[in-house]
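Student: I have a two-chain model open and I'd like to learn how to read it. Can we go through it together?

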Amino acid sequence: MLPRWITIAYLAFLAAPIVLLVVGSFGGLWLNTLLPTGVTGRWYAEVAADPSFRRAFGSSLIVAATTCLICLLIGLPLAYAIFRARSPRIRAFARVLYQLPVALPALVLAFGFILVFSSDALPWLGSIWLLIAGHVVLCMPYFLHAVVADMHRLNLHTLEEAAESLGSSGTQQFFHVVVPSLRHSMLSGLIVVAALSIGEFQFSNLVAGFLNRTYPIVLLQAFYGATGFACAATVILLLLALTASVAGALAAGGRPGFVVPAR
Amino acid sequence: MTAAVRLQNIDYHYPDSGGGVADIDLTIAAGEMLVCIGPSGCGKSTLLKLLAGFLRPDQGRIYLGGDDVTARTTRERGCGVVFQSYALFPTMSARDNVAYPLRVRNIALSARRKRAEAMLDLVGLADFADRLPAQLSGGQQQRVALARALVFEPKALLLDEPLSALDAATRLSMREEIRRIQQLRNIATLLITHDQDEALSLGDRVAVMKDGRLQQVATPEQLYDAPVDGFVASFVGRANLLAAVVVEPNAVDTPIGRLIVPAHGRPPGTRLELLIRPERIVIEMAHPSGSPNVFDVQVVRDAFYGATRQVEVAVGAGSLHLETTKRSAIERVRIPPEAVQFLSSPDSRSP
């Protein structure tokens, strides 16, 4: 009985802010009362019409999509190198990569970027590419972890040897065996990357230029205005992140290799 | 007898560890099943990897069907390999797995499906063609792997511990299945195992390996009846191995007592190792008058296996393993001189 009540209490604690946000986003007036009065859709209409939110929404999508693409293009060869590495040095390097986001807060990375890229030699601070580069660094470990774990689970090396003995060339092995076998973990890894990138605040807040601020940064400013407007803007972010994680869970299909991000 | 497979004077050492194989000379005739057996780490899987082309020998030549393939890649060699883990492609159906070698050989879709289905039929899985590997049992996956390794008519079939991941009952039926299909396709086959029953019952010849070297290559009968040393004797079948010293032209001293056996001209003082197979020891009811080599024994362990009993008895300062079909109590045994084989003693052999 007790575990059940603890679970229920925890879920209520978890859901309460979300429920309040949703209620607030549809509420008319919310001043010094427990619940807002009246029902309205005007906050969503206002968010949708707000040029800085529209721009931020677009920026977030571009940054997340590009981060995913780069993680895939760099991450797959990198995961492969880590998986095939026999040298303990490369394996140690891989461990560092995995733990990077835990050991290194995004704030530290942002300060580093500001120091390096505000110089006259590399004056790139504020460009969207720099923002994307930071997101890649922050998200890559999650992608690598998902894919490398799946490579081990599948015994990918033996699958490749089998394919080779059956007459398959290196390219054929890659497209016939490696990519299809890893499709679940690659997809789930990418969706984790997308969800992280969409929600990323610490780093983006410091490094993003004014014209390519991402959604969470603009969202913070909304809290200085009307409560309903802030709630609606937050619910939109929530839906965006939720879509990514549900899609991720479905793609992973309960397989190992899907890792829930640690933050 | 033409050699379909020939390993000539092969040496290989793993770069990062001490392991490897040395001085390997081995041939497999067309249609022959050669079983390679040895304890883990003896290099038997290395042998398979060298033949398949996953590893390149440091020294020596490898021939397949008369061609020197030493410099060829795995892909060019075209050996059919069955892996211990089966290594079926998880996203392909059984049919697509079996058809894969034909797909990379650019055989038309309809033709390769037909051949794949014929192969699946041969291994008894015609009804499972559309299943994914994860939807098949271990034995069925093994059959698919076998079909896939044979469908492109390879020059040799290589099986790496194919039965070790199966449960005991499936293992027996798969053993017969592998033999049946191998004989049907008449293909030169190398099977790696650590299971002596598998080796003796499957192999046309058996190669026993130890520490990267071939100890003995012979038919199962020769291997059992005339092992070259104690290692082979104990690895193939059960064996009583006794350290012995020649004391007279026709007597040796052993931990179980003095045995009357012809020493075949070995001078007194010669140390050697005796092999006595458990089923050759005779259980005596009465005291046979005048017979040599009769010993009083005490039963230490007695295990009943249905048709036979495996009994361990204490004799003098040593012990013996017996195998018998008799159900009676055991008090006395006789060791017929013809049951005693002389092996050279490990410590008397020159290094």
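Student: Leaving aside neighbours within four places in sequence, which residues is Leu158(B) in contact with?

Tutor: Contact here means C-beta atoms, placed from the backbone, within 7 Å. With that cut-off, Leu158(B) touches Leu48(B), Leu51(B), Ala52(B), Cys79(B), Gly80(B), Val81(B) and Leu190(B). One caution: this is a predicted model, where local features need pLDDT of at least 70 and side-chain atom pairs count only at pLDDT 80 or more, while totals for chains, interfaces and linings use all residues. Residues are numbered from 1 along each chain as its sequence is written, and chains are lettered from A and ligands numbered from 1 in the order in which they are written.

Student: Which residues have the most contacts inside the largest nonpolar core?

Tutor: A nonpolar core is a set of buried Ala, Val, Leu, Ile, Met, Phe, Trp, Tyr and Cys residues joined through C-beta atoms within 7 Å. Buried means 20 or more other C-beta atoms within 10 Å of a residue's own; exposed means 12 or fewer, and partly exposed lies in between. The largest core here has 155 residues, and those with the most contacts inside it are Phe143(A), Val193(A), Leu51(B), Ala156(B), Leu158(B) and Leu190(B). Helix α6(A) gives the most to this core, with 15 residues.

Student: And how do I read the sheet in chain B?

Tutor: Strands of a sheet pair through backbone hydrogen bonds, either parallel or antiparallel. In the bookkeeping, two strands pair if DSSP finds at least two bridges between them. Helices (H or I, at least four residues) and strands (E, at least two) are DSSP runs numbered from the N terminus. In chain B, six strands make an open, mixed sheet in the order β6-β7-β8-β3-β9-β10. Its edges are β6 (80–82) and β10 (213–218), each pairing on one side only. From one strand to the next, the twist averages 15°.

Student: How many bridges join β3 to β8 in chain B?

Tutor: Five, and the two strands, residues 33–37 and 188–193, run parallel. Met33(B) stands opposite Thr189(B) in β8(B). Helix α5 (138–150) of chain B lies across β6 and β7 (156–160), at about 165° to β6(B).

Student: What about helix pairs in chain A?

Tutor: Two packed helices are described by the angle between their axes and the distance between the axes. Axes are lines fitted to C-alpha atoms, for helices over the stretch in contact, with angles from 0 to 180 degrees between N-to-C directions. Take α3 (51–84) and α9 (183–199) of chain A: their axes come within 9 Å and cross at roughly 145°. Residues meeting there include Val63(A) and Cys68(A) from α3(A), and Leu190(A) and Val193(A) from α9(A). By class, this contact has ten nonpolar, three polar and no charged residues. For those classes, Ala, Val, Leu, Ile, Met, Phe, Trp, Tyr, Cys and Pro are nonpolar, Asp, Glu, Lys and Arg charged, and the others, Gly among them, polar.

Student: Which way does α5(A) pass α6(A), left-handed or right-handed?

Tutor: A crossing is left-handed if the near helix is turned anticlockwise from the far one by less than a right angle, right-handed if clockwise. This one is right-handed. Helices α5 (106–117) and α6 (128–154) of chain A pack at about 145°, axes 11 Å apart.

Student: How many residues does each chain bring to the contact?

Tutor: Chain B brings 19 and chain A brings 16. On chain B's side, α2 (74–77) and α3 (94–103) each supply at least two. That side divides into twelve nonpolar, four polar and three charged residues.

Key:
Two residues are in contact if their C-beta atoms, placed from the backbone, lie within 7 Å.
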